[in-house]
Amino acid sequence: MSILEVKTLSMHFGGLAALSNLNLTIQEGEIRGIIGPNGAGKTTLFNVISGVYRPTSGHILYMAGKRIDGLSSSKIAKMGIVRTFQRTALYHDFTVLKNVTVARHLQTKENIFGVLAGTFKKMEKEYVKKALEIIEFIGLGHLKNELAADLPHGHQRALGVAIAIACKPKVLLLDEPLTGMTPTEKAQMIGLIRKVHQQGITILMVEHDMRSVMELCDYISVLDFGTLLVEGTPDEIQNDENVINAYLGTEDLVTVCTSS
Ligand SMILES: Nc1ncnc2c1ncn2[C@@H]1O[C@H](COP(=O)(O)OP(=O)(O)OP(=O)(O)O)[C@@H](O)[C@H]1O
Ligand SMILES: [Mg+2]
């Protein structure tokens, strides 16, 4: 059953077509890789799906055909489509626990100012309890009282995932979750993505690390210049001449070729 459908979607910035007549169907429960060279439109796709931008034209259908294009990002998040960012978005001077608790709170209460103005100890116990469960699940339990700013990069990214989980996603959009990570951090994040997926969450992942994309994803959509170049299983994509050509001259090509 499809959970998300993108239909003839276009997003123009002035004269630039960042997305052009794009069609995608995501099945419930899959891990879908979205790849493509720099500037292909991957982040723009996430921005449009998550309501940051209203598309220039086209539709986005979610769960049994409900149209979500044009809805606000908070409404879309409440419906269960939650994203992480290419650069981590955290409250750096909050602890790990407070970051996740606030995210949980915001999911159910509209007003960010009320949450931020209120003292932490006034927050309902249940939010803290649930946040602690999520932090344990993500593997950051031992760091719950650390300031987000003091965490190493890999743990900050994991905290970004914890914050997203706190928003109760049905579909999780991960924008370059492995970027800038050491091999150990990458392995931990891949394990974490698998664990999140096992909870029944559908995952869309934009990522340049081809080896990890091939390892994790059930199916891959390749974007190039805002259009869909090709779709297929990891095996099909690695051996597709159009994909290799699209990556010509980029470092990613080396990984594409050596991982096959
Ligand atoms: N808000 C914006 N205003 C104007 N142009 C934009 C905007 N956002 C994206 N673009 C342009 O749209 C195109 C697609 O950008 P996008 O960030 O979606 O690419 P990407 O595939 O995520 O690239 P990368 O792999 O480098 O992250 C680029 O040419 C970019 O400069
Ligand atoms: Mg991007």
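Colleague: Thanks! Which residues does Asp69 touch, not counting residues up to four places away in sequence?

Modeller: Keep in mind that this is a predicted model. Asp69 touches Pro55, Gly58, His59 and Ile60. A contact requires heavy atoms within 4.5 Å.

Colleague: Where is Asp69 found, and why is Asp69 called buried?

Modeller: Asp69 is found in the loop between strand S5 (66-67) and helix H2 (73-79). Its relative accessible area is 14%, and buried means under 20%, so Asp69 counts as buried.

Colleague: What does the side chain of Asp69 reach, and what makes that a polar contact?

Modeller: The side chain of Asp69 reaches the backbone nitrogen of Ile60 at 2.8 Å. The cut-off for a pair of N or O atoms is 3.5 Å, with one atom able to donate a hydrogen and the other to accept it. Ile60 is also among the residues that Asp69 touches.

Colleague: Let us turn to the sheets. What is the order of the strands in the open sheet of four strands?

Modeller: The order is S2-S1-S4-S5, with antiparallel pairing. Strand S2 (16-27) and S5 are the edge strands because each has a single partner strand, which leaves one side of each without a neighbour in the sheet.

Colleague: How do you know that S1 and S2 pair?

Modeller: Strand S1 (residues 2-13) and S2 are joined over eight bridges in the antiparallel sense. Pairing takes at least two bridges, and eight are found here. As an example, Glu5 has Thr25 in S2 as its bridge partner.

Colleague: Which helix lies across S1 and S2?

Modeller: That is helix H1 (residues 42-49), which also lies across strand S4 (57-62) and runs at about 115 degrees to S1.

Colleague: And what is the order in the open sheet of six strands?

Modeller: There the order is S6-S7-S8-S3-S9-S10, and the pairing is mixed. Strand S6 (81-83) and strand S10 (227-232) have a single partner strand each, so they stand at the edges. On average, neighbouring strands of this sheet are turned by 20 degrees against each other, direction ignored.

Colleague: What makes S6 and S7 a pair?

Modeller: Three bridges join S6 to strand S7 (residues 171-175), and the two run parallel. Two bridges would meet the cut-off. Val82 stands opposite Leu172 in S7.

Colleague: Why do you call S3 mostly covered?

Modeller: Five of the five residues in S3 are buried, and buried means under 20% relative accessible area. Ile31, Gly33 and Ile35 point one way, while Arg32 and Ile34 point the other way. Side chains in a regular strand alternate between the two faces of the sheet.

Colleague: Which strands are joined to S3 by bridges?

Modeller: Four bridges join S3 to S8, running parallel, and Arg32 has Leu204 in S8 as its bridge partner. Four bridges also join S3 to strand S9 (residues 219-224), again running parallel; there, Ile34 has Ser221 as its partner. Helix H7 (residues 183-198) lies across strand S3 (31-35), S7 and strand S8 (202-206), at about 150 degrees to S8.

Colleague: How do you know that Ala103 is buried?

Modeller: Its relative accessibility is 8%, and the cut-off is 20%, so Ala103 counts as buried. Ala103 lies in helix H3 (residues 96-108) and touches Ile163, Ala166 and Cys167, not counting residues up to four places away in sequence. Ala103 and Ala166 are 63 residues apart along the chain, with their C-alpha atoms separated by 6.0 Å.

Colleague: What does the chain come to overall?

Modeller: The chain has 11 helices and 10 strands, and 50% of its 260 residues count as buried. Of the contacts with a separation of 6 or more, 64% come from residues 24 or more positions apart.

Notes
Residues are numbered from 1 along each chain as its sequence is written. Chains are lettered from A and ligands numbered from 1 in the order in which they are written. This is a predicted model: local features need pLDDT of at least 70, side-chain atom pairs count only at pLDDT 80 or more; totals for chains, interfaces and linings use all residues. Side-chain values use heavy atoms; hydrogens and water are left out. Buried means under 20% relative accessible area, exposed over 50%, partly exposed in between (1.4 Å probe, protein chains only). Axes are lines fitted to C-alpha atoms, for helices over the stretch in contact, and angles run from 0 to 180 degrees between N-to-C directions.
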